[in-house]
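Keep the structure open beside the text.

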Amino acid sequence: MESIKLIIWDLDETFWKGTLSEGDIIPVHENIQLIKDLSSRGIINSIASKNDFETAKAKLLELGIWDYFVFPQINWNPKGKNIKQIISSAQLRPANVLFLDDNHLNLAEVVFYNQGIFTKEPDFIPEISKHKAFIGKDDTALSRLQQYKILEEKEKEKEHFSDNIRFLESSDINLAIIEDLEPITDRIHELINRTNQINYTKKRIDTNELEVLLKNSDYECKAVKVKDRFGEYGIVGFYALNKTKNHLEHFLFSCRSMNIGVEQYMYAKLNFPALKRVGDVTVELNSKDKPHWIKEVADWTDDQQNTGSSSTRIFLKGACDLRQMAHYLSYKDLEVDTEYNNVNQNNHPIPKAHTEILLQSESLDEENKSELITSFPFLDQQVFDTRVFSSNYDILVYSLLVDYTMDLYQSKSTGVKIPYESYSDFVNESKAEFIARCKKHEFKNMNETFYDFFTTEYNFIGQITEDNLIKNLEIIRKKVKKPIIFINGAEVDTPATNKSEYGKARIRHEKMNKALEKFCNSHIDTYILDVREFITEADINHSIRHYKRSVYEHMASALISLIENINEQKLERNEIEYHLKRSLKILRSTLKEFAKNILLRASSLF
């Protein structure tokens, strides 16, 4: 396996323990989390299971995981043909698909109908998260999943049409040709080097070669953008035409635009130039047809910018659990940019969202930053990189749960504070316990040498105090010239399984929430997304910082309402400002006229 883009899951004794039709099943929580993690890497998940559809759907809804699957085939039909249908609907090749099932006969049947597909039994599942074939790419906003949801909706719509042409004619397909390629060179480079199925020349180039190509006046280079009534596909195609030879050097399209005729439309628009096809493609071209159901239009993004109707740009910063909220935000009229805590090459979570780290990104010089990165295995080269202090968004949404939770350690020599662990976990364990814990979690370079250095050079000072949090927020408020929405913490007891936090976390959150309220009440354009309004103890997963899926949906809805209120207030302020300026202008004119009349009367007296 080299690159898996789709995983198809059996359910009984694979995704969960037990047989659904025979009674209750036991969820495998690691598998549930794996589905979410894979989706955030841009890897799609589907289902092929012999079960009653409505019963299985109800159980998956209960587990909060149904929306992560596309094209599910849950019925009593043979799995080989079911999976062939899934792969066809997903517009992929069997070589990019893995099927998981506990029955070896099912696996053999699926291979028979889908030559080239990869199959594995459930004991392979724990290997997936670290296997090179499932690396994917960062897609925390779940945009790829959303694209497949659009394909899924289109598949359902097709059932109402007697032929595919009528369906395409009803789809309101709009195509825009993009000439300004500088802002999207990363996307073009990705298309050139990742697309295979509708890449006719398959010429791979690096970023320097792409830059040279785009500047070469002998070539006409343009990108293609598509949308229809189901949603927007974004930049899906690119071509480079040698104008002298009338020959296509590059002609390629993303599989997300497959089966709607975009590649044939563009080939006809270019008047069928010479093209040397390399390898297999899934869409053949011809030298006569031009799809009539595609309408060429100006770039709608430019229209939105010119009319002032572009969507609100929000910047979401916090711990990685916010990815689940970002999933729901991706369905709304919002542009969502994100900056989460991530895991470094030492397999350790990086405390990038802590206010101390955020402020150090600007206060520390490069030498001090480099020294810290070298000294601490739980930091990495990007820990101090942030876009919070840029102006490329409209509203900052910042979760403070890392500040609520993590302990601080202060350098004895420089006074720099570094967040690490929580609720005194590190100071309460011996060196042997520390080494054992790091080995269990596969934290690299967290050894005796590091333990000795850390305990010698740094003092434990505990979690950030309420006063110091407010001081940090004061600095952030001055630097960020946009509205800020802070996400606070729940005030419920943690499940008893997490004994180090039990009881402490709720009390801690109560104190920090009060400090946050105090700060927000004394600053304009500063708001709180109050999770206490919809979180009970039953909504907690494992720790007070992680909630069930439904909570993140509620959080997204509450955030959208809050953003709408902020935008309305902005419009009201703009209107008030307009009327004030207009009134002042009238007043100045009136005073000027009054002064003029006084002078005229005064002059007439002499």
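Start at Leu151, which sits in helix α6, residues 143-158. The model is a predicted one. Is Leu151 buried or exposed? Its relative accessible area is 8%, and buried means under 20%, so Leu151 is buried. Beyond its sequence neighbours up to four places away, Leu151 touches Phe71, Ser89, Gln91 and Arg256. His354 is another matter: 203 residues separate it from Leu151 in sequence, and 39 Å in space, C-alpha to C-alpha.

Now step back to the whole chain. It holds 20 helices and 22 strands. Its C-alpha trace spans about 95 × 85 × 50 Å along the principal axes. Of the 606 residues, 49% count as buried. The chain exposes about 30400 Å², and carbon and sulfur atoms supply 49% of that area. Consider contacts between residues at least 6 apart in sequence: 69% of them join residues at least 24 apart.

Five strands form an open sheet in the order β5-β4-β1-β6-β7, with parallel pairing. Which strands stand at the edges? They are β5 (73-74) and β7 (118-120). Each has a single partner strand, so one side of each is left without a neighbour in the sheet. Further in, β1 (residues 6-9) and β6 (residues 97-100) pair in the parallel sense over four bridges. There, Trp9 has Leu100 of β6 as its bridge partner.

Move on to β15, residues 395-399. Five of its five residues are buried, so the strand is mostly covered. In a regular strand, side chains alternate between the two faces of the sheet. In β15, Ile395, Val397 and Ser399 point one way, while Leu396 and Tyr398 point the other way. Two parallel pairings involve this strand. With β13 (residues 312-318), β15 pairs over four bridges. With β19 (residues 484-487), β15 also pairs over four bridges. Tyr398 figures in both: Lys317 stands opposite Tyr398, and Tyr398 stands opposite Phe486 in β19.

Helix α14, residues 366-375, comes next. Its buried residues are Lys369, Leu372 and Ile373. Seen down the axis of α14, they fall within an arc of 100°, so they line one face of the helix. An α-helix has 3.6 residues a turn, so residues three or four places apart point the same way. The face of α14 turned away from the buried side carries the exposed residues Glu367 and Thr374. What covers the buried residues of α14? The cover includes α13 (355-363), β17 (417-422) and β18 (458-463).

Seven of its nine residues are buried, so α13 is largely enclosed by the rest of the structure. The buried residues are Thr355, Glu356, Ile357, Leu358, Leu359, Gln360 and Ser361.

For a view of the surface, turn to helix α20, residues 549-604, where Leu587 lies. Leu587 counts as partly exposed, because its relative accessibility is 45%. Together with Leu584 and Leu591, Leu587 forms a nonpolar patch on the surface. The three have about 280 Å² of accessible area together.

Finally, follow the charges. Side chains of opposite charge can pair when their charged atoms come close. The whole structure has 28 salt bridges. One of them joins Asp394 and Arg313, at 3.1 Å, N to O. The pair links distant parts of the chain, 81 residues apart: Asp394 is in the loop between α14 and β15, and Arg313 is in strand β13. Asp394 is partly exposed at 23% relative accessibility, and Arg313 is partly exposed at 31%.

Lys317 returns here. Glu339 forms a salt bridge with Lys317, the closest N and O atoms being 2.9 Å apart. Glu339 lies in strand β14 (residues 334-340) and Lys317 in β13, so the pair ties together parts that are 22 residues apart in sequence. Both Glu339 and Lys317 are buried.

Glu491 and Arg532 also meet in a salt bridge, at 2.9 Å, N to O. Glu491 lies in the loop between β19 and α19 (504-521), and Arg532 in the loop between β20 (526-529) and β21 (540-541), so the pair ties together parts 41 residues apart in sequence. Glu491 is partly exposed at 28% relative accessible area, and Arg532 is partly exposed at 27%. Elsewhere, salt bridges that share partners join Lys137, Arg187, Glu190 and Arg194 into one network.

Conventions. Residues are numbered from 1 along each chain as its sequence is written. This is a predicted model: local features need pLDDT of at least 70, side-chain atom pairs count only at pLDDT 80 or more; totals for chains, interfaces and linings use all residues. Side-chain values use heavy atoms; hydrogens and water are left out. Buried means under 20% relative accessible area, exposed over 50%, partly exposed in between (1.4 Å probe, protein chains only). Contact means heavy atoms within 4.5 Å. The arc is that of the directions from the helix axis to the C-beta atoms. Patches are made of residues with over 30% relative accessible area and no salt bridge: like charges are joined within 9 Å, nonpolar side chains (Val, Leu, Ile, Met, Phe, Trp, Tyr) within 5 Å. Accessible areas come from the Shrake-Rupley method with a 1.4 Å probe; for residues, only the protein chains shown count as cover. A salt bridge is a side-chain nitrogen of Lys or Arg within 4 Å of a carboxyl oxygen of Asp or Glu. Two strands pair if DSSP finds at least two bridges between them.
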